[in-house]
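Please open the model in your viewer and keep the sequence panel beside it. The stops below can be selected one after another.

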Amino acid sequence: MNAKKTKTLAEKLQAPLATPSGLTPAATRDVTGAMNAILADVFALYLKTKNFHWHLSGPHFRDYHLMLDEQADQLFAMTDPVPERVRKIGGTTLRSIGHIARLQRVSDNDADYVEPLDMLAELQEDNASLAGRLRAAHAVCDEHQDVATASLIEVWIDETERRAWFLFETSRPGSPRH
């Protein structure tokens, strides 16, 4: 290898991350911003779901405990594809718990005790809000013709709506049959 090529390679290795993606710099910026906020929300909702899973009590403990564990697993499954997609399009992603805290829109719940039905209602609202934010991120992807990110989001919208539906139906009072 000649000295000029060696120098060029060394310069590239020291350059900031700049993954070629075919998207415009504006698209990378906008999609990265939308997806990092989604990732922060997913981490916050994951931890809240696990918090409620760990602190449940009452006559429906087993059913709620298992449902929330399943839902937490589904949320955690999103935490790798989101930043990998951000990196594929040339963006950078979350680096710390503090970064998550600055971006998250899901409210924490640090209460010592929460009634089980209140837990379900809070998680149902959080999942419904997340579905709305996923739709907004999808619109950003559509604007920039980022079909691959939009395709991932479509699956996550369906999963999020399913979680919200299960939480809603689980918390409804039973009605007498006639």
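Helices (H or I, at least four residues) and strands (E, at least two) are taken here as DSSP runs, numbered from the N terminus. Colour by secondary structure, and the protein reads α-α-α-α-α-α-α along its sequence, with seven helices and zero strands. The model is a predicted one, in which local features need pLDDT of at least 70 and side-chain atom pairs count only at pLDDT 80 or more, while totals for chains, interfaces and linings use all residues. Residues are numbered from 1 along each chain as its sequence is written, and side-chain values use heavy atoms, with hydrogens and water left out.

**The whole chain**

Of the 178 residues of the protein, 38% count as buried, where buried means under 20% relative accessible area, exposed over 50%, and partly exposed in between (1.4 Å probe, protein chains only). With contact taken as heavy atoms within 4.5 Å, residues 24 or more positions apart make up 81% of the contacts with a separation of 6 or more.

**Helix 4 against helix 7**

Select helix 4 (residues 81-88) together with helix 7 (residues 147-171), whose axes come within 11 Å and cross at roughly 170°. That makes helix 4 roughly antiparallel to helix 7; angles under 35 degrees count as roughly parallel, over 145 as roughly antiparallel, 65 to 115 as roughly perpendicular and the rest as oblique. The axes are lines fitted to C-alpha atoms, for helices over the stretch in contact, and the angles run from 0 to 180 degrees between N-to-C directions. Show side chains next: Pro81, Val82 and Arg85 of helix 4 meet Ala148, Thr149, Leu152 and Trp156 of helix 7. The residues of this contact comprise five nonpolar, one polar and one charged, with Ala, Val, Leu, Ile, Met, Phe, Trp, Tyr, Cys and Pro counted as nonpolar, Asp, Glu, Lys and Arg as charged, and the others, Gly among them, as polar.

**The cavity**

On a 1 Å grid over the protein atoms alone, a cavity is a set of points where a 1.4 Å probe fits but cannot get out, and a pocket is an open set with protein on both sides within 12 Å along at least five of seven lines; lining residues have an atom within 4 Å of a point. Grid points are joined across faces, edges and corners, and a volume is the space filled by probe spheres set on the points. A search of the whole structure finds one cavity of 30 Å³ or more, and the largest cavity has a volume of about 50 Å³. To find it, select Glu70, Gln71, Gln74, Glu159, Arg162, Arg163 and Phe166, which line it. Helix 7 supplies the largest share of this lining, four residues, and by class the lining has one nonpolar, two polar and four charged residues.

**The largest pocket**

The largest pocket has a volume of about 280 Å³. Of its 13 lining residues, Phe43, Ala44, Leu47, Gln104 and Asp108 are the closest to its centre. Helix 2 gives the most to the lining, with six residues.

**Two single residues**

Lysine 48, in helix 2, is buried, with a relative accessible area of 5%. Beyond its neighbours within four places in sequence, lysine 48 is in contact with Val106, Ser107, Asp108, Asn109, Glu122, Leu123 and Asp126. Finish at glutamine 145, in the loop between helix 6 (116-143) and helix 7; glutamine 145 has a positive phi of about 55° although it is not a glycine, and it is exposed, with a relative accessible area of 68%.
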